Structure formats: structure tokens, C-alpha cells
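Please keep the structure in view while reading.

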Amino acid sequence: GSGCGGSGSAPVISSLVPSSLYDRDVLTINGSGFGSSKGTSTINLSTAAPPDDQLSDVKLWSDTKIEVTASLYGGLISGNITVTVNSQTSNAAGKGT
């Protein structure tokens, strides 16, 4: 659609650090188009059951980097991570296929 003053382009995830993530680890999502602040944006985990709160504890949010503390009660992350900004969803990055 046509955004009101927004660029309308979807965010892009270029890399996730670390590649193996455990409970209470800080996940760094590198990329672009995330926006200068979180606002209504969300981080989505494809294997998470609702409510999707595993990646809700955001420590830093900038246009090119997000840092979030993972709450992965069972340990290792699996599945893909996407970032949704202004209803535009990024590419999927992560462990799954």
C-alpha cells in the first residue's frame, strides 16, 4: 500500500548473532530498515506459540541493529526470525528452513 510519509520498504535481516541461542542470551539482529525506535514493530519467531513473547525483551532498537534478550524456556532457538515494521515483514533468517 501507500504509506503516509513512510518509505514503504520492508526491513532486511542480514545476520543473527550468535547462531546458537539459549535462554537469557542476547540476540543481535543486524540488517536495515528497522526504524529508529521500536514503536509498534515486532520480532517474530516462526516456531513460537502465542503469545509470542520469546523475543519481546528488547534492549536496543536502531535502524540497523536490534538487541533482544531471549526467553527460550527450553533452550536452543529453532525456526526463523522475521521483523515486522509498519506491517512490512522482513526476510526470514535463522535456524529453520
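## An aspartate with two partners

D57 is partly exposed, with a relative accessible area of 28%. The model is a predicted one, and the values below are computed from it. The side chain of D57 meets that of R24 in a salt bridge, with 3.8 Å from N to O. This pair links distant parts of the chain: R24 lies in the loop between β1 (12–17) and β2 (26–32), D57 lies in strand β4 (residues 57–61), and the two are 33 residues apart. R24 is also partly exposed, at 48% relative accessibility.

D57 forms a salt bridge with K59 as well, and here the closest N and O atoms are 3.6 Å apart. K59 counts as exposed, with a relative accessibility of 55%.

## The remaining salt bridge

How many salt bridges does a search of the whole structure find? The search finds 3. Besides the pairs R24 with D57 and K59 with D57, there is a bridge between the side chains of K65 and E67, at 3.5 Å from N to O.

K65 counts as partly exposed because its relative accessibility is 30%, which falls between the limits of 20% and 50%. E67 is partly exposed too, with a relative accessible area of 22%.

## The chain as a whole

The chain has 0 helices and 8 strands. Read from the N terminus, its elements run β-β-β-β-β-β-β-β.

Of the 97 residues in the chain, 34% count as buried. The chain exposes about 5,300 Å², and carbon and sulfur atoms supply 50% of this area. Contacts can also be sorted by how far apart the residues are in sequence. Among contacts between residues at least 6 apart, 57% join residues at least 24 apart.

In soluble globular proteins, nonpolar side chains tend to be buried together. In this model the largest nonpolar core has 18 residues, of which I13, L27, I29, I43, L55, I81 and V83 touch the most other members. Strands β1, β2, β3 (42–45), β5 (65–69) and β6 (80–85) each supply at least two residues of the core. The largest share, 3 residues, comes from β6.

Which residues does L55 contact, leaving aside its neighbours within four places in sequence? They are L27, I43, L45, V68, A70 and I81. Among these, L27, I43 and I81 are also listed with L55 as core residues that touch the most other members.

## A buried serine

S90 is found in the loop between β7 (88–89) and β8 (93–94). Is S90 buried or exposed? S90 is buried, because its relative accessible area of 9% is under the 20% limit.

Leaving aside neighbours within four places in sequence, S90 is in contact with P11, V12, I13, T82 and V83.

Notes. Residues numbered from 1 in each chain as written. Predicted model: local features only at pLDDT ≥ 70, side-chain atom pairs only at ≥ 80, totals over all residues. Heavy atoms only, no water. Helix = DSSP H or I, 4+ residues; strand = E, 2+ residues; numbered from the N terminus. Buried < 20%, exposed > 50% of the residue type's maximum accessible area, 1.4 Å probe, protein only. Contact = heavy atoms within 4.5 Å. Areas by Shrake-Rupley, 256 points an atom, 1.4 Å probe, with all protein chains shown as cover. Salt bridge = Lys/Arg side-chain N within 4 Å of Asp/Glu carboxyl O. Core = buried A, V, L, I, M, F, W, Y, C linked by side-chain atoms within 4.5 Å.
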